[in-house]
Amino acid sequence: MEFFCKTCGKPKGDAEGWLLGFEGSAKPVMKYTINLRVKWDEQRACESNAVHFCSAECQDKYVAASYGDDTWAV
Ligand SMILES: [Zn+2]
């Protein structure tokens, strides 16, 4: 399975150090949630709510654009 950075579209290939996020709204409040800074795990990367990032910078950009100040990052 091929993965692409959610922010810049770069294909992962054999690169190391990529990050995973898991989107969801499991918290009992009207806020979106995202789990960040998850170490790359090939298995978990295939989960349906996973988002993939080539770097912390791309992850931060995505979070700022998609979640703004209403994020509960855990
Ligand atoms: Zn990127």
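The structure is a predicted model, in which local features need pLDDT of at least 70 and side-chain atom pairs count only at pLDDT 80 or more, while totals for chains, interfaces and linings use all residues. Residues are numbered from 1 along each chain as its sequence is written. The mean pLDDT of the protein is 81, and 76% of the residues score at least 70, where pLDDT is the predictor's confidence in each residue, from 0 to 100.

Two helices and four strands are present, helices (H or I, at least four residues) and strands (E, at least two) being DSSP runs numbered from the N terminus. Along the sequence these elements follow the pattern β-β-α-β-α-β. Among the elements, strand β3 (residues 50-53) has the highest mean pLDDT, 92, whereas strand β4 (residues 72-73) has the lowest, 54.

Of the 74 residues in the protein, 16% are buried; a residue is buried if 20 or more other C-beta atoms, placed from the backbone, lie within 10 Å of its own, exposed if 12 or fewer, and partly exposed in between. The largest nonpolar core consists of five residues, Cys 5, Val 51, Phe 53, Cys 54 and Tyr 62; such a core is a set of buried Ala, Val, Leu, Ile, Met, Phe, Trp, Tyr and Cys residues joined through C-beta atoms within 7 Å.

Cys 54, a member of this core, lies in the loop between β3 and α2 (56-67) and counts as buried because 21 C-beta neighbours lie inside 10 Å. Leaving aside neighbours within four places in sequence, Cys 54 is in contact (C-beta atoms, placed from the backbone, within 7 Å) with Cys 5, Cys 8, Lys 10, Ala 15 and Trp 18. Tyr 62, with residues up to four places away likewise not counted, touches Lys 6, Thr 7 and Phe 53.

Pro 11, in the segment before β1 (19-24), is exposed because it has 10 other C-beta atoms within 10 Å, and, apart from neighbours within four places, it is in contact with Glu 2 and Phe 4. Glu 42 lies in helix α1 (residues 42-45) and counts as exposed, since it has 9 C-beta neighbours inside 10 Å.

| Pair | Apart in sequence | C-alpha distance |
|---|---|---|
| Cys 54 and Gly 17 | 37 residues | 7.4 Å |
| Pro 11 and Cys 54 | 43 residues | 8.5 Å |
| Glu 42 and Leu 20 | 22 residues | 9.8 Å |

Among contacts between residues at least 6 apart in sequence, 62% join residues at least 24 apart.

Notes. Contact = placed C-beta atoms within 7 Å.
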